[in-house]
Each structure stands twice: as C-alpha cells, then as structure tokens.
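Here are my notes on the model you sent over. Have it open while you read, and take the points one at a time.

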Amino acid sequence: MTIVEAPVTGTRRRTLGRARDWWANPWGKPRFLVLFTVLYLIWSIVPILIAIRFSFNEGRSRSTAQGWSLRWYLDDPDLSVRHDPDLRSALFQSLRLAAIAVLVTVPLGVALAIGLTRWRGRGAGTSRAVSLATLVTPEIVMGTALLLVFIHLLTFIQLGTMAQAIGHITFSLVFVLIIVRGRLLAIGPHYEEAARDLGASALQAVRLALLPMLVPAIVASGIVVFAISMDDFVITQFLSSGTNTDTVPVRIYSQGRTAPTPALNALAALTLAITIVIAALAFLLWKAVRAARGQTGSAVQEFAALDADTIR
Amino acid sequence: MSDRDRRVGGKQSGNAFWAGLALPGVAWLYLFFLLPFYVILCVAFGTVDPIFQTPAPEWNPLQWNTSAFEFVFEGLFSSGAAFQTVFLRTLVYVVVATALSLLIAYPVAYYVARYGGRWKTLLLLGLIAPFFISYLMRMLAWINLLQDDGWVNDVLIWVGILDAPRNWLDGRASSVILGLVYGYIPFMILALYAFLDRIDRSLLEAARDLGASPFQAFRLVTLPLSMPAILAGVVIIALPMFGDYYTPDLLSQSPSTSMVGNQINLYIRGGQQIPVGAALVVVLMMFLAVLMGYYIVSTARAQRRLGA
C-alpha cells in the first residue's frame with residue numbers, strides 16, 4: 001500500500017478546519033481523536049479502579065478513601081466476604097453456573113454449528129433464524145418466558161441452580177454457534193471432502209479432520225461463554241429460588257442501595273479478579289493452540305474481531 | 001450452491017448426518033426458547049385463579065381471554081395513563097442514550113481501527129475489558145462515585161459548577177442515562193470497530209486522488225460505508241436497553257425514572273397480576289419485532305455474502 005502524504009496547502013487554516021482534518025484525514029496526525037479515545041478509556045476504566053480501591057478501605061465508607069486494609073475481604077467477623085454467608089455463596093453460585101454453562105454449551109454449540117453449517121434443508125434456515133433470535137431477544141423477555149415455563153409447564157424443573165443453568169445455556173448457545181460457524185466458513189469443505197475421499201465415514205471426517213482445526217474457535221467460545229455467564233443478571237435473578245442461589249450480580253443488585261458496605265465492592269473485585277485470571281489462562285491456551293495451528297498475527301486483535309462478530 | 005457443496009452436504013445420507021448433529025442444539029432451542037414464548041402467550045391470555053390469585057394459563061388458543069391485554073392497552077392509549085408515560089419515558093431514555101453512545105463510540109472505534117498502529121493491541125484490550133467486568137459491578141462503581149459525599153460531587157464543587165452536593169441517586173434521568181451509556185457503549189464500539197477495521201483503505205486513497213478533501217473523503221466514503229455497522233450497533237444496544245430495569249433501580253430507585261422493564265419486573269416477580277406482566281412482555285416484543293427482524297435479516301445477508 002502506498003502512503004500518500006496529505007497535501008501541504010501552506011495557507012493557515014482556522015482551528016476548526018484543522019480539527020476537522022484530524023478527524024477526517026486518514027494519513028494526518030489525528031490529535032483530536034487521540035485525546036478523545038484516551039478520555040473515553042479513562043472514563044471507562046477509572047470508575048472501576050476507584051470501586052476496587054474502596055474495597056480496601058479501613059472504614060465503612062464507599063465514597064471516600066479511608067486507609068488500606070483487608071477488612072472487607074477477610075477480617076471483618078460478620079460483614080467480610082469470607083464471613084458473610086450470602087456474599088460467599090453468591091461467589092460460588094456464580095462460578096458453579098459458569099462452569100456448568102461452559103461444560104454443556106460448548107459441546108452442544110459446536111455440534112449445532114457444524115450441523116447447521118453443513119446441513120442443507122428447509123429446517124436449517126429456520127433453526128439458524130431461531131438461534132439468532134435468542135441473540136436479540138431482550139433478557140427480560142427470555143427470563144419471563146423461562147420463569148413461566150418452569151412454573152406452569154415443565155414443573156419438574158425446580159427454580160434455582162437447575163433452572164438458572166438451563167437459562168445460561170440457552171442464551172449462550174448462539175455465541176458458540178457464531179464463533180465456530182465463522183471458523184467453519186473460513187475452513188471450507190475441502191478437508192472433510194479429502195477425508196471422505198480417503199474412506200472416512202462422515203463421523204470420522206468430523207472427528208479427525210474438522211475438530212482439530214476447530215480447537216482455537218472452541219477455546220475462544222469457551223472464554224466468551226464463561227464471561228457472559230459470569231456477567232448475566234436478569235435471567236439469573238428471574239430463575240433464582242432465593243438467597244442461596246443468588247449470584248454476584250444479583251447480590252450487587254439487592255444490596256447495592258440498601259445494605260452498602262465496602263464488602264460488596266470486595267465481592268465484585270474478587271469476582272473480577274477470578275474472571276480475569278481464568279479468562280487470561282484460557283486466552284493463553286487459545287494463543288498457544290492458535291500458534292500451534294500456524295495462525296499468525298495479533299491474538300488480541302483476532303479475539304476482539306471474534307468478540308465483535310458475536311455481537312453483530 | 002457449488003459442485004463441492006453438493007458433494008459434501010447434498011448427499012442424502014450425509015444430510016441426515018448433519019441434521020442429526022444439529023438436532024440436540026435445535027431441540028434445546030425449541031424446548032427452552034420457542035416453547036416458553038407460547039407459554040407467555042397462554043399466561044397473558046389466561047385468567048387468574050380467584051382464590052389463590054395465581055395465574056391460570058389458558059392452553060387452548062380458541063378460549064384465550066383478552067382481559068390482561070385490555071388492561072394494558074387501556075393504560076397505553078388513554079392519555080396520561082401509567083403505561084403510556086412509562087413507554088414514552090423508556091423511548092426517550094433509549095433514544096438519548098443510544099444517540100450519545102453513537103457520538104462517543106464512533107470516534108473511538110474509528111481511531112482504534114484506523115490509527116491504532118503499534119498501540120492497537122493495548123487499545124483493544126481497553127475496549128474489551130468491560131466485557132469481563134460485570135454490568136452490575138460497573139453500575140456499583142457509579143453508585144460509589146455519585147453518592148452525596150462521592151467524588152463526582154467533590155470534583156464538581158471543586159471546579160465550581162456546584163455550590164452544594166447534589167443528590168444524583170434519587171430519581172434523576174441524567175444519572176439513569178449516564179448509566180445506560182456507560183453500560184452498553186462497549187458493545188457499540190466493538191461492533192463499529194470490527195466494521196471500520198475492514199474498510200479498504202485504497203477506497204480512501206482513490207477518493208483523495210480524485211480531489212476529495214479529507215473531510216469529503218470521510219463524509220462521502222467512510223460514513224456511507226459504515227452505515228450498516230452504525231445500524232447494527234444501534235440495534236444491538238437499543239434492544240437490551242428496552243428491557244433494562246436494573247440501571248434505573250440502582251442509579252435512581254424512584255418511580256419517576258421507571259422504565260418498561262421495571263413495570264414488567266414488578267408485575268412478573270412481585271405482583272399478583274402476572275398475566276398483565278406477560279401481556280406487557282408480548283406488547284414489548286411486538287414493538288421491538290421491527291428492530292429484531294432488521295438485525296436478523298441483515299446478519300443473514302452478511303453471512304450469505306461470506307459464502308454460507
């Protein structure tokens with residue numbers, strides 16, 4: 001690609017005109033945009049850092065800095081995350097649901113993706129539309145629907161962990177579908193075809209030729225499912241059977257305005273730390289797998305594009 | 001369909017295999033996604049048990065009872081009625097929050113996609129980070145900041161904009177809209193980024209070679225090209241906003257900022273009139289059907305272009 005220098009006009013332009021050029025000129029120095037982006041990132045991240053800082057407060061305030069301590073994590077005998085049973089159980093419930101969601105959704109979604117991509121028939125288009133519909137249905141609608149179905153029709157499914165897990169699997173299935181399907185379309189049908197020509201059965205072709213190539217997409221979809229399951233609030237709350245099946249977001253919702261102590265910040269910070277560690281480990285695994293398959297380029301950039309594909 | 005496709009996918013036996021592979025997932029979606037919608041309808045068109053006040057769904061569409069819908073439509077279409085105010089307020093909040101998000105998101109996505117350079121990986125990490133921080137935690141952070149003695153008041157007083165601390169968390173539309181923008185904007189940025197990153201730079205070079213000013217090149221080439229991404233981004237953040245009830249609950253807690261989601265939450269989880277809640281959900285879905293339909297159709301078209 002050739003780099004074209006912006007023509008130097010020599011005449012002094014008004015500031016407004018220059019600002020417009022920074023915005024528009026693909027080759028000039030976009031100083032306005034740099035400033036804007038940096039401000040956005042500060043606005044986006046600093047409130048979180050401040051919330052984490054308050055979780056280390058020695059005092060009770062969640063709005064002013066009061067020394068440093070682990071009181072709200074460990075030491076407070078009643079209210080710390082370690083000693084308050086509600087906070088503790090919320091953390092475990094979040095992790096339990098996320099684990100179930102990843103373990104069930106990923107295999108289910110991979111099979112769905114392969115099947116829907118290769119299956120030519122009237123049912124395939126409809127099923128694809130139905131799975132995309134789960135992506136755009138507001139959560140409150142899906143939560144109401146599942147709540148009512150468990151109360152009135154599928155009554156053998158109890159509200160609580162079971163119902164919540166079903167909810168999480170239902171809304172995260174489409175993310176696996178989109179990520180794996182994208183990779184399948186990139187791979188194309190040649191490899192299976194070659195395997196079939198060499199005498200493999202359809203199942204063998206999938207298992208021996210296709211699945212190994214899908215491993216990076218499978219790991220990536222696992223990360224995404226884990227993250228959205230940890231993040232979910234509405235469906236989890238609608239299908240909760242009481243305090244003992246509340247997750248971290250549900251606890252933040254019910255205590256955020258009524259019973260505020262920095263322990264809630266501590267719980268949120270702890271959850272964030274755990275999410276980041278698990279996601280980072282999975283990301284490193286994904287990067288390694290990707291490298292082993294000979295894919296090059298920035299892993300973060302590819303992951304961001306992947307993430308973006310799942311939302312558009 | 002190419003020859004190759006026909007050989008792999010078109011074989012009758014092969015096709016059954018692929019359908020079988022998709023079956024568990026498809027069955028799951030029909031059982032836990034489509035069937036529940038029918039149950040919503042049956043509850044909305046059902047009755048309430050006179051003694052226990054529990055809803056009694058009507059499974060037979062021929063005997064559907066419309067009283068819950070009559071109640072909702074009365075609240076919607078008689079002027080000044082409760083549901084009408086709430087629907088209009090929701091619409092205003094969502095439109096304002098979506099517009100603000102777009103104004104902030106576009107320059108950021110544009111910068112990262114076009115000028116990221118060697119900082120791109122770091123910038124992208126910053127853009128993805130919110131996806132790993134729970135939405136509720138991000139609202140909690142703002143509750144901390146917006147309290148009477150919080151840092152927002154401190155800063156505003158220090159700068160001289162305010163004389164005394166303002167109560168931000170008690171029924172202020174501005175706080176709710178701030179929360180909505182803060183909460184949903186990462187989705188829009190990423191949707192825009194993915195698209196802007198793929199725009200072919202030689203198109204801009206061509207525009208410049210043909211004498212367009214940088215601004216004209218942006219206005220006549222980049223902006224029209226990114227229209228589908230803008231629409232996708234708008235839909236993808238507007239839809240969940242319409243069902244949001246936790247942002248107003250956490251950042252205002254007042255009926256004066258109640259949105260449609262708050263009403264649904266109230267009727268479904270707290271109330272005795274669950275059929276009314278179900279009817280509200282049905283009405284909301286019909287209202288959103290246009291947006292959802294647009295999204296599904298345009299996504300399907302984009303996938304077809306990719307060679308599905």
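Which domains does the domain assignment of chain B give? Before the answer, some housekeeping: this is a predicted model, where local features need pLDDT of at least 70, side-chain atom pairs count only at pLDDT 80 or more, and totals for chains, interfaces and linings use all residues. Residues are numbered from 1 along each chain as its sequence is written, while chains are lettered from A and ligands numbered from 1 in the order in which they are written.

1. Domains of chain B. The answer is domain 1 (13–78 + 273–308) and domain 2 (82–271); bounds like these come from an automatic or database domain assignment. Taken over C-alpha atoms, the centres of domain 1 of chain B and domain 2 of chain B are 28 Å apart. Where they touch, domain 1 of chain B puts in 17 residues and domain 2 of chain B 16 residues (contact here has C-beta atoms, placed from the backbone, within 7 Å).

2. Who does the touching in chain B? On the domain 1 side, helix 3 (67–77) and helix 14 (274–305) of chain B each supply at least two residues. Helix 14 of chain B gives the most, with 12 residues. (Helices are DSSP runs of H or I with at least four residues, strands are E runs of at least two, and both are numbered from the N terminus.) By class, that side of domain 1 of chain B has 13 nonpolar, four polar and no charged residues. For these classes, Ala, Val, Leu, Ile, Met, Phe, Trp, Tyr, Cys and Pro count as nonpolar, Asp, Glu, Lys and Arg as charged, and the others, Gly among them, as polar.

3. Domains of chain A. Chain A is split into domain 1 (15–75) and domain 2 (85–311), and their C-alpha centres lie 29 Å apart. Nine residues of domain 1 of chain A are in contact with eight residues of domain 2 of chain A. Helix 2 of chain A provides the largest share of the domain 1 side, four residues. Sorted by class, that side of domain 1 of chain A holds five nonpolar, two polar and two charged residues.

4. Overall build of chain B. You can find 14 helices and two strands in chain B. Its radius of gyration is 24 Å, whereas a compact globule of 308 residues would have one near 19 Å (taken over C-alpha atoms, with the globule rule being 2.2 Å times the number of residues to the power 0.38). The C-alpha atoms of chain B fill a box of roughly 75 × 75 × 35 Å along the principal axes.

5. Where the chains meet. Between the two chains, 102 residues of chain B are in contact with 95 residues of chain A. Helix 2 (residues 12–44) of chain B gives the most to the chain B side, with 21 residues. That side has 74 nonpolar, 17 polar and 11 charged residues.

6. One residue to look up. Q253(B) sits in the loop between helix 12 (246–251) and helix 13 (260–270) of chain B. Its phi is near 65°, a positive value in a residue other than glycine.
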